[in-house]
Amino acid sequence: MTWDDIRVSKFLALVLRHKPEEIGLHLDAHGWAQVDELLQAVSRKGCPLDFSRLNSIVKNNDKKRFQFNDDRSKIRAAQGHSTDIDLNLKPAQPPDLLYHGTATRFVDSIKQLGLQKQKRHHVHLSARIETAIEVGKRYGKPLVLNVNSRQMAADGYQFFLSDNSVWLTDHVPVQYIEFPES
Ligand code: HQG
């Protein structure tokens with residue numbers, strides 16, 4: 001198997017969001033890893049990665065999943081974590097409508113429980129319907145739910161916007177979800 005940029009990017013998402021311990025990497029309280037430690041740890045796993053390749057993967061990543069600090073000595077994932085870190089995101093005013101991409105097989109449960117964050121820190125929502133469709137496809141036949149974020153915000157629910165423009169919230173109760181006709 002070759003370590004093309006997509007495979008490297010998926011591996012980076014795994015270790016920076018979910019399983020740093022798998023390669024002996026340390027994330028600080030805000031999710032940052034030292035770049036030199038990451039390069040060494042990833043290379044030990046047989047993935048050829050130097051700073052210039054990492055830089056290009058970060059820059060060209062389709063969803064801007066990774067970010068450097070100012071002097072590029074540290075790197076983290078912009079959202080999507082399941083590890084116990086705090087991104088220090090500030091609450092933000094969402095657009096009136098947000099989309100959540102899911103799979104049809106989850107709908108009955110969502111109708112019972114609303115949208116739950118599952119293993120991640122937040123429920124993930126997007127301002128673009130195309131993004132939601134792509135997200136839903138990962139789990140089966142995609143289905144896009146409309147979330148009445150205007151009403152949620154008016155009712156006091158907090159929203160956060162990640163640095164790569166993903167909208168995040170803790171839970172979406174079912175009364176704020178519009179299900180497409182089936
Ligand atoms: C579903 C991607 C049953 C939910 C995306 C989803 C995102 C329920 C799955 C980021 C449920 C969780 C996150 C309920 C929610 N009953 N199923 N009550 N509530 N679900 O992967 O939102 O490309 O943890 O609909 O862009 O799919 O990886 O979350 O299908 O930002 O960078 O439970 O991942 O980013 O799945 O995706 P996930 P997600 P990347």
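The side chain of H100 places an N or O atom 2.6 Å from an oxygen atom of the ligand. Bear in mind that these positions come from a predicted model.

## The shell around the ligand

Let's step back to the wider surroundings. The ligand has 20 residues around it, and those that come nearest are H100, T102, S109, R138 and Y139. By class, this shell holds seven nonpolar, eight polar and five charged residues.

Which elements each supply at least two residues of the shell? They are β4 (98-103) and α4 (107-113). Helix α4 gives the most, with three residues.

## The pocket that holds it

The ligand takes up space in the largest pocket of the model, which has a volume of about 1,600 Å³. Its lining counts 47 residues, and K63, R120, H124, V135 and R138 lie nearest the centre. Sorted by class, the lining has 15 nonpolar, 20 polar and 12 charged residues.

Several elements each bring at least two residues to this lining: α1 (5-18), α3 (51-60), β4, α4, β5 (123-125) and α5 (129-137). Here α1 gives the most, with eight residues, whereas in the shell around the ligand that place goes to α4.

Conventions. Residues are numbered from 1 along each chain as its sequence is written. This is a predicted model: local features need pLDDT of at least 70, side-chain atom pairs count only at pLDDT 80 or more; totals for chains, interfaces and linings use all residues. Side-chain values use heavy atoms; hydrogens and water are left out. A residue is near a molecule or strand if one of its heavy atoms lies within 4 Å of it. A polar contact is a pair of N or O atoms within 3.5 Å; within protein, one must be able to donate a hydrogen and the other to accept it, and residues adjacent in sequence count only if both atoms are side-chain atoms. On a 1 Å grid over the protein atoms alone, a cavity is a set of points where a 1.4 Å probe fits but cannot get out, and a pocket is an open set with protein on both sides within 12 Å along at least five of seven lines; lining residues have an atom within 4 Å of a point. A molecule sits in a cavity or pocket if more than half of its atoms lie within 2 Å of its grid points. Helices (H or I, at least four residues) and strands (E, at least two) are DSSP runs, numbered from the N terminus. Ala, Val, Leu, Ile, Met, Phe, Trp, Tyr, Cys and Pro count as nonpolar, Asp, Glu, Lys and Arg as charged, and the others, Gly among them, as polar. Grid points are joined across faces, edges and corners, and a volume is the space filled by probe spheres set on the points.
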